[in-house]
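Subject: Structure handover

Hello,

Here is the structure to look over. My notes on it follow below.

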Amino acid sequence: MRRMVIAALALIGVFVALYLTLYKMGVIGHLACGLGGCERVNTSKWAIFAGAPVAAWGVAFYTATFVVALVGTSPSWIDRREIAYVLAGMSFVGVAFTAWLTYLELFVIEAICKYCVTSAVIVTAIFIVSIADVAMGNRVQPGE
């Protein structure tokens with residue numbers, strides 16, 4: 001059940017990051033951001049990391065997380081602890097990267113993007129559920 005939750009959260013994250021990536025690539029004319037500074041954040045020099053839009057890195061991260069979590073729900077992998085450790089490690093990196101991006105939004109760019117905040121909440125939730133998966137191990141959850 002925990003890995004299904006992680007997969008669902010990652011799928012939502014794919015859509016959020018894909019929306020921002022399409023904007024950055026010029027496919028979408030403007031961001032639907034009622035308040036806040038989505039365009040300011042996504043047009044800043046900090047919106048590019050290692051030659052690619054930060055949002056594109058998000059698409060790759062969430063897609064990889066989705067695939068690993070989904071594989072972890074298959075009968076041959078459901079009892080394997082390695083998947084729990086991989087998801088916890090991946091989401092830790094995601095949380096650390098998101099913390100750096102949030103710092104940039106608050107103190108360098110001085111604007112907040114609601115989609116970036118949404119992504120931060122999603123990756124934090126994935127991390128929490130991943131830690132629970134590691135901590136609970138193979139104990140069966142009620143309803144499983």
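Helix α4 is followed by Glu110, whose phi is positive, near 60°. This is a predicted model, so please read every value below as computed. Most residues other than glycine have a negative phi. Glu110 is not a glycine, yet its phi is positive. Glu110 is found in the loop between α4 and α5. Its relative accessibility is 58%, so Glu110 counts as exposed, the cut-off being over 50%.

Ala50 is another residue to check. Its phi is near 55°, again a positive value in a residue other than glycine. Ala50 is found in the loop between β1 (48–49) and β2 (52–53). At 63% relative accessibility, Ala50 counts as exposed too.

Is Phe49 exposed, partly exposed or buried? At 35% relative accessibility, it counts as partly exposed. Leaving out residues up to four places away in sequence, Phe49 touches Val54, Trp57, Phe97 and Trp100. The C-alpha atoms of Phe49 and Tyr115 are separated by 18 Å. Along the chain, these two are 66 residues apart.

Now helix α4 itself.

- Length: α4 covers residues 81–109, which is 29 residues. At 1.5 Å a residue, it should span 42 Å. Its end C-alpha atoms are 40 Å apart, which agrees.
- Buried residues: these are Ile83, Ala84, Leu87, Ala88, Met90, Ser91, Gly94, Thr98, Leu101, Leu104, Glu105 and Ile109.
- Cover: what lies over the buried residues of α4 includes α1, α2 (38–42), α3 (54–71) and α5.

An α-helix has 3.6 residues a turn, so residues three or four places apart point the same way.

Two helix pairs deserve a look. Two packed helices are described by the angle between their axes and the distance between the axes.

The pair α3 and α4: the two helices pack at an angle of about 160°, with axes 10 Å apart. That makes α3 roughly antiparallel to α4, since the angle is over 145 degrees. The crossing of α3 and α4 is left-handed. From α3, the contact uses Val54, Phe61, Ala64, Thr65, Val68 and Ala69. From α4, it uses Ile83, Val86, Leu87, Met90, Ser91, Gly94, Phe97 and Leu101. By class, the contact of α3 with α4 has eleven nonpolar, three polar and no charged residues. Val54 and Phe97 of this contact are also among the residues that Phe49 touches.

The pair α1 and α5: helix α1 (residues 2–24) and helix α5 (residues 114–136) pack at about 160°, with their axes 9 Å apart. That makes α1 roughly antiparallel to α5. The crossing of α1 and α5 is left-handed. On the α1 side, the contact residues are Arg2, Arg3, Val5, Ile6, Leu9, Ala10, Ile12, Gly13, Val16, Tyr19 and Leu20. On the α5 side, they are Tyr115, Cys116, Thr118, Ile122, Ala125, Ile126, Val129, Ser130, Ala132, Asp133 and Met136. By class, the contact of α1 with α5 has 16 nonpolar, three polar and three charged residues.

Best wishes

Key:
Residues numbered from 1 in each chain as written. Predicted model: local features only at pLDDT ≥ 70, side-chain atom pairs only at ≥ 80, totals over all residues. Heavy atoms only, no water. Axes fitted to C-alpha atoms, helices over the stretch in contact; angles between N-to-C directions. Helix = DSSP H or I, 4+ residues; strand = E, 2+ residues; numbered from the N terminus. Parallel < 35°, antiparallel > 145°, perpendicular 65-115°, else oblique. Left-handed = near helix turned anticlockwise from the far one by under 90°. Contact = heavy atoms within 4.5 Å. Nonpolar A, V, L, I, M, F, W, Y, C, P; charged D, E, K, R; others polar. Expected span 1.5 Å × (residues − 1). Buried < 20%, exposed > 50% of the residue type's maximum accessible area, 1.4 Å probe, protein only.
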